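Please look over the sequence and the model shown here before reading on. The text after them is meant to be read with both in view.

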Amino acid sequence: MNDKRGGVVALGRSVPESFLLVRGTFSSLRNRQFRLFFWSQLASSSGDWIQVATLNIVVLRLTGGGNELAFANLAAFVPIILLTPVAGSWADTRDKIRLLAFANSGMLAVTASLGIMAQTNLLSLQLIYVSAAIGGSLAAFDITVRQALVGDLVPLGDLANGVGLSVTSMTAARAAGPFCAAVLVPLAGIPGCFYVNAASYLFLLACLPNLRVPRNDVAKNFVPRASLRAAAQAVWSDRHLRVPVLQIAVLGGFGITSIVLLPLFVVRTLHSPDWAYALLAGLVGAGSVIGGLSTAARRITGPRPVAACAICLSAALVIVGVSPSAAIAGLPLFLSGIFAGCAIATALATMQVASAPEMRGRVIAAYTTVFTLSVGLVGPTNGFIAEYTSPRVGYYICAAVVAASAVPVLRRRARHPRGETIERDDVRTASEGSL
């Protein structure tokens, strides 16, 4: 039964069921290959977020400008956006282990070069742009192949759980990385942060020879453009998919503000040390982890819960904008992470429930593309806005856009009565709906 609706869907009601859900949350880690991959991915992704925070600090120290900060992030995101379809095609037709080894070896070399340049005082804005573009090009293959590899490491019955844990590890890294950067910048300096990230790639590179995956002889006739076109048509033609993906587009760009707007706000408006930005970015990431886990525990889907979270997120962003100090801004930033994480996880879970089983992979690929476009393009735009107005105005604009996106959904009457349950045998566990 495919019961689609725009309201709240309550799944799993009893306490015993909740305990069973918790017990099964880490079931795929029983597989040795996936366990090795999971922990090495967590280490590598944490190193990546250390570098993101460190590069933002370096740019602020070199220029202090929002334009330069936005361009540095665009230089990394644009290659990811452009090369992800190619990476998806290669993941289906080539050896995934070799692709991961190549991508991570290249990123290790780029990161080590940044550390050497920082240590010898040769690091300039132009070299940061070039390094970010090269790193982003390699990251497009790394991110895509990692996600595709999970299906080769776990049995079919644990696939949803493995995908959920893989995504959750990247979300946890988004919280841990900036926290580590906040500690490492004062203690080890900028070069030390780059060297730590370079070392983190060694965990994944050491793990790869221990992974045994089946030879990939599938999808010789795979056509990426046709696949993406089918996904786009499926999403746009179905309101139960179209509305959540539009919500994700807004929340990714205007709800998650830690990429460009937060460092400008902390350093230029609040006049706090640059390491304080990394600490606050870690708080946002920690909040997003809690938001994703909260969504998993409640197992609720539908555009209206997403819109309700968006209203709360908008209020949190306004409070951040009026905060007089970094210490006071910490709590609303943490709450913004919770509401953003809850909203995006709920929107993704809604798409999974509403999509047909045979289209689910391509629908989630469409979600990934929209989210990356939103974070990669709208996020730096916030930096341009903050440069020509102020970071506080940037937060007010983000809050207004997020709230405006929620109002039409909340005002629209649900066509089905509340309390109905979607009875679908193929509904995934809530962990798949994590960030």
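This is a predicted model: local features need pLDDT of at least 70, side-chain atom pairs count only at pLDDT 80 or more; totals for chains, interfaces and linings use all residues.

Residues are numbered from 1 along each chain as its sequence is written, and side-chain values use heavy atoms, with hydrogens and water left out.

The protein chain has 14 helices and two strands. Helices (H or I, at least four residues) and strands (E, at least two) are DSSP runs, numbered from the N terminus. Of the 435 residues in the protein chain, 54% are buried. Buried means under 20% relative accessible area, exposed means over 50%, and partly exposed lies in between, with a 1.4 Å probe and protein chains only. Among contacts in the protein chain with a separation of 6 or more, 89% join residues 24 or more positions apart. A contact here means heavy atoms within 4.5 Å.

Consider how the helices are set against each other. The axes of helix 8 (residues 239-255) and helix 11 (residues 303-322) come within 11 Å and cross at roughly 15°. That angle makes helix 8 roughly parallel to helix 11. Axes are lines fitted to C-alpha atoms, for helices over the stretch in contact, and angles run from 0 to 180 degrees between N-to-C directions. Angles under 35 degrees count as roughly parallel, over 145 as roughly antiparallel, 65 to 115 as roughly perpendicular and the rest as oblique. The crossing of helix 8 and helix 11 is left-handed, a term used if the near helix is turned anticlockwise from the far one by less than a right angle, with right-handed used if clockwise. Helix 8 contributes V243, Q247, L251, F254 and G255 to the contact, and helix 11 contributes P303, V306, A307, A310, L313 and L317. By class, nine residues of this contact are nonpolar, two are polar and none is charged. Ala, Val, Leu, Ile, Met, Phe, Trp, Tyr, Cys and Pro count as nonpolar, Asp, Glu, Lys and Arg as charged, and the others, Gly among them, as polar.

Helix 11 also meets helix 14 (residues 391-411), and the two axes come within 8 Å and cross at roughly 160°. Helix 11 and helix 14 are therefore roughly antiparallel to each other. Their crossing, too, is left-handed. The contact of helix 11 with helix 14 has 19 nonpolar, two polar and two charged residues.

Next come the cores. A nonpolar core is a set of buried Ala, Val, Leu, Ile, Met, Phe, Trp, Tyr and Cys residues joined through side-chain atoms within 4.5 Å. The largest one has 73 residues, of which L123, F194, L251, L262, L333 and Y395 touch the most other members. Helix 12 (residues 326-354) supplies the largest share of this core, 11 residues. A second, separate core of 17 residues includes F34, L149, L204 and L208.

Which residues of helix 9 are buried? They are L261, L262, P263, L264, F265, V266 and T269. Because seven of the nine residues of helix 9 (residues 261-269) are buried, the helix is largely enclosed by the rest of the structure. Not counting residues up to four places away in sequence, L262 touches T257, Y277, L280, A281, V284, L333 and Y395. Helix 9 is followed by H271, which has a positive phi of about 55° although it is not a glycine. H271 lies in the loop between helix 9 and helix 10 (274-298) and is exposed, with a relative accessible area of 65%.

Helix 4 (residues 96-119) holds M117, which counts as buried at 16% relative accessibility. Leaving out residues up to four places away in sequence, M117 touches L122, L123, L127 and S131. The C-alpha atoms of M117 and P191 are separated by 8.1 Å, although the two residues are 74 residues apart along the chain. In the loop between helix 4 and helix 5 (125-153) lies N121. N121 is not a glycine, yet has a positive phi of about 60°, and is exposed, with a relative accessible area of 71%.

Is S45 buried or exposed? S45 is buried, with a relative accessible area of 6%. Not counting residues up to four places away in sequence, S45 touches R146, M170 and A173.
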